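Dear colleague,

After it come some notes on what was found.

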Amino acid sequence: RVVTGALEVERAAKNIGSSLEAAPFVYITDDGLPKDLLLAAQTGVDFAEVCITSGITILAFEGPEAAFRLVDVPGVAVVFAKASGIKCARSWRYFDPATADPEFPGITPRDAAAMREWRAANP
């Protein structure tokens, strides 16, 4: 909810049109919760996928004073950052073109793997 709220502020300001244009920084602190509960909640989860962003950086400390926060979600602060790289022709996520599969240079490595699977199943 905090990431979505921060992205809505940027969308309203016309800084982004889609959440996939973002790669925010998310600051998480315990704020009275059991040690590392918030950090443990995101372990093993593709948080960028959950938030529908092209990337996300999770940092285990208090965010800057100007970070976006929600009063009812203590311990979480978000700083907007625009995604870098190129836009994937398949998923529209932004990614580093240096990581692209040479056979599928215009799409993310994940999408390239999906294309290979589809091609193998549909010769």
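Contact here means heavy atoms within 4.5 Å. Leaving aside its neighbours within four places in sequence, Ala22 is in contact with Leu7, Thr53, Ser54, Gly55, Phe80, Ala81, Lys82 and Ala83. Please bear in mind that this is a predicted model, in which local features need pLDDT of at least 70 and side-chain atom pairs count only at pLDDT 80 or more, while totals for chains, interfaces and linings use all residues. Residues are numbered from 1 along each chain as its sequence is written, and side-chain values use heavy atoms, with hydrogens and water left out.

The protein chain has 4 helices and 5 strands, where helices (H or I, at least four residues) and strands (E, at least two) are DSSP runs numbered from the N terminus. Read along the sequence, these elements follow the pattern α-β-α-α-β-β-β-β-α. Of the 123 residues, 34% count as buried, which stands for under 20% relative accessible area, whereas exposed is over 50% and partly exposed lies in between (1.4 Å probe, protein chains only).

Ala22 also belongs to the largest nonpolar core, which has 12 residues, including Val2, Leu7, Ile16, Val26, Cys51 and Val78. Such a core is a set of buried Ala, Val, Leu, Ile, Met, Phe, Trp, Tyr and Cys residues joined through side-chain atoms within 4.5 Å. Helix H1 (2–12), strand S1 (25–28) and strand S3 (76–79) each supply at least two residues of this core, and H1 gives the most, with 4 residues. Apart from this core lies another, of 6 residues, among them Cys88, Phe95, Ala100 and Ile107. In soluble globular proteins, nonpolar side chains tend to be buried together.

S1 and S3 run antiparallel and are joined by 4 bridges, and Val26 stands opposite Val78 in S3.

With best wishes

Terms used: Pairing = 2+ DSSP bridges.
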